[in-house]
Amino acid sequence: MKLILAIINHDDAHGVIQNLTQAGYHVTKLATTGGFLQVGNVTILIGVDDERLEGAMEIIGKRSNSRRQVIPATSEMGMGMYSSMPVEVTVGGATAFVMNVEDFKKF
C-alpha cells in the first residue's frame, strides 16, 4: 500500500479531486498555503493499493496545469529606495510524494 501526498494549486484542486473520486479513489483534502507566493494550495492524501498507484498519479498529472504569472518583485535601488519590477514565474501544477505504508488501522 502507498500514501500519495500531493500539493496542488488551488485553481486545479476541484478538478483533480472530482476526477479521483469518480475513479473510485478516497481523498482527504487539506487547505494549505504555499511559501513562495503565499497563495492557497490544496494538499490531498490518498491511500492506494500498489496496483492503483499509477492511475491516481496519471489523474493528478493530467488535471494539474502549470501556468505563467507576472508578480511584482521588489529590489533595492540604493539610498533606501525600492523599485517594484514585474517578474514572470511558473505557478500551478502539482508536487506529489509517494510513501510506503507498512501498516494501518481503521477505527
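The model is predicted, so local features need pLDDT of at least 70, side-chain atom pairs count only at pLDDT 80 or more, and totals for chains, interfaces and linings use all residues. Residues are numbered from 1 along each chain as its sequence is written, and side-chain values use heavy atoms, leaving out hydrogens and water.

Start with the layout. The protein chain has two helices and six strands. Their order along the sequence is β-α-β-β-α-β-β-β. Helices (H or I, at least four residues) and strands (E, at least two) are DSSP runs, numbered from the N terminus. Of the 107 residues, 26% count as buried. Buried means under 20% relative accessible area, exposed over 50%, and partly exposed in between (1.4 Å probe, protein chains only).

Now look at helix H1, residues 10-22. Its buried residues are Asp 12, Ala 13, Val 16, Ile 17 and Leu 20. They cover an arc of only 130 degrees around the axis, so they sit on the same side of H1. That arc is taken from the directions from the helix axis to the C-beta atoms. The face turned away from the buried side carries the exposed residues Asp 11, His 14 and Gln 22.

Finish in strand E6, residues 94-100, where Val 98 is found. Val 98 is partly exposed, at 38% relative accessibility. Val 98 and Ile 4 are 94 residues apart in sequence, yet 4.6 Å apart in space, C-alpha to C-alpha.

Methods:
Expected span 1.5 Å × (residues − 1).
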